[in-house]
Amino acid sequence: STIGDRITDFIIPEWARLLPGYFSKLQDELSMAPGSLAQEVWWEANDPEVNPEILWDASVRISDDICDDEKRFRRARKSFTRCGLAKYLDIPEDEIHPDDVPVIAMCGSGGGLRALVSGASSYLSAKEAGLFDCITYTAGVSGSCWLQTLYYSSLAMQDHGRLINHLKNRLGVHIAYPPSALALISSAPTNKFLLSGIVEKAKGVPDATFGIVDLYGLLLAARLLVPKGELSIDDRDLKVSNQRRFIDNGSNPLPIYTAIRHEIPIEEQEDKGPISATIEAKKEAWFQWFEFTPYEFWCEELNAGIPTWAVGRKFLNGKTVWRSNDLALPEVRTPLLMGIWGSAFCATLSHYYKEVQPLLQGYLGFVGIDEMLSERDEQLIKMHPIDPAAIPNFALGLKEQLPQSVPASIYSNSHFQLMDAGMSNNLPIYPLLRPGRDVDILIAFDVSADVRTDNWLKVADGYARQRGIKGWPIGSGWPTDTETTEQIADELDSAQAATPEEAAQRIGDAQTAQETQEQAAQDRAAQDQATLAHKKASDLGFCTVWVGTTEERTSDDEPPQSKRVEEDWELMQPDAGITVIYFPFLSNPTIPDIDPQTSDYMSTWNFVYTPEQVDKVVALARANFEEGKEQTKRAVRAVYERKRTKRLEREEEQRRRRKQWKMRLGLVGKTLGEGGQGDHFS
């Protein structure tokens, strides 16, 4: 028996012996028994003094414009960005006209904790350079949404340096490490802080389902929303709508959080036959984008949204469905939303296979397996091994008011199933191109694992064409390897055998098969060298700038390609459109021993960062921003100068027209009462 106990002690860690006690305590707290935590949470969920929104009536807003709250924010933010621009460009503030201030948006890609840590460093660098004070919007996917959540919380207090210190204190333990997670979930005061959303969902939504995303969000919040020391928690951090206390006066940018719904419309068209069904399905949206701000939860494909404080309650025919006690449910808690925003594991089987495909290429039989799965990709892309999380559907009963392109499933499903937006585009570009936001400059920090191959900037081209967005730089992004190789091959082909004499010489040189093979090998080597040289010349660096054009299309041909900016004056052309400033997360020779592509801890699926690793990621992001800092400032100045020139031209044109109008009325050069027919009423 002694030997057996020793073996057990060796195999089973000490913390495993504590699990039964944790689970027993947690079960008691969630039992709704008198005096239990669950009962206390549910009482407060029905207390208007704790959750005032349960008394507020809400209706669905149907419009393609931004909401009134956001318009008020933009007016308030303008005075701050004007002041920030004056300091950033070293121009006296009284010389800057409000209309000349460009609307700048800054966005971060998905990438788990890698995106969270590097994004915090990039934004801190932008703040120190004076750039962050010039922006109107931030937007995020996945880990960049977590970054925004923390920035607009009592933990960071809108200080990215403080946020980074918080991460160094909290990321050294895995989010699912049982002793730490269970201790926070089962002990006061963090248990109530973390479990309130779970209890409210269980009691308030009888048909709600609980899954991995709910648990994931709970674990994320336990690791990220709880400070070191675990006592100074703030319940206001549990609602996204509470973030408006930091932005209503315009002192901070408006954060935009993103999620997507996977629509599979082909199943709705099965009765129309396969050909008709495919045609109809192409008219529908495949991934529907939803955005959360402190003001509104909105979907562009639906042209509809609701106040953020109303997310979680039921709607019918555009109106709140009140519960039997004449109250609504409180706003959905931030932990669940953090789980949704970062739920990359809810991907389709097709996405899963693309993740592991590079790891399988060296194994025997890979070619056959790859061909088989590729042939079935249309089926794999419809299958989600892990169900996404659900939020009550606000579009029920609105079929007659919403666009005809909205799929029928929207009107039959009681909940929206939402997941990580990175499955559609790992950069949150689409929300920033909404009408009414009028973004002049988009600054993107891309820390995607596949930063070179999936080319998320180029993915936005189709969206811009479909929505008719003027000014988007079509063709921006990484140059593709296939295009480069074809171009090089064409150039080599045209260079070979340019004259009959050359051709005869080549025939004479290739007298034997061996000679022919040697020549072919030399040609392939030359082509490879040319391709490599061309790729190196056309590859992107630490910072690249593109500018679109507002030039009207005169034919059905493709719109003009965007311009990769080489000189600042190109940004000042009258027909210049949206300026994109792109910072990919690349290795930097000035920061050794860290490479986003090869360092193991930089994986999207890693949930442990030591303080030393956080410091390395922070240093790399800061070094990369430094590489493009001056280029970014020149681009911002050029766009400001373009807007200023256009405004002055408009004002001059207005003065000219007023003068012409006065001349037609005979008022120019005359004083009151003068003129051939003047009288005392003139």
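Buried means under 20% relative accessible area, exposed over 50%, and partly exposed in between (1.4 Å probe, protein chains only). The model is predicted: local features need pLDDT of at least 70, side-chain atom pairs count only at pLDDT 80 or more, and totals for chains, interfaces and linings use all residues. Residues are numbered from 1 along each chain as its sequence is written, and side-chain values use heavy atoms, with hydrogens and water left out.

**View 1. Salt bridge between Arg434 and Glu291.** A salt bridge is a side-chain nitrogen of Lys or Arg within 4 Å of a carboxyl oxygen of Asp or Glu; here the N to O distance is 3.0 Å. Arg434 lies in the loop between helix 16 (429–432) and strand 12 (441–446), and Glu291 in strand 5 (residues 287–292), so the pair ties together parts 143 residues apart in sequence. Helices (H or I, at least four residues) and strands (E, at least two) are DSSP runs, numbered from the N terminus. Both Arg434 and Glu291 are buried.

**View 2. Salt bridge between Glu651 and Arg647.** The N to O distance is 3.0 Å. The two residues are four apart in helix 21 (residues 611–664), which separates them by about one helical turn. Glu651 is partly exposed because its relative accessibility is 25%, whereas Arg647, at 9%, is buried.

**View 3. Salt bridge between Glu652 and Arg655.** The closest N and O atoms are 2.8 Å apart. Glu652 and Arg655 are three residues apart in helix 21, so about one helical turn separates them. Glu652 has 45% relative accessibility and counts as partly exposed; Arg655, at 41%, also counts as partly exposed.

**View 4. Network of Asp69, Arg72, Arg244 and Asp248.** Salt bridges with shared partners join these four residues into one network. The whole structure holds 28 salt bridges.
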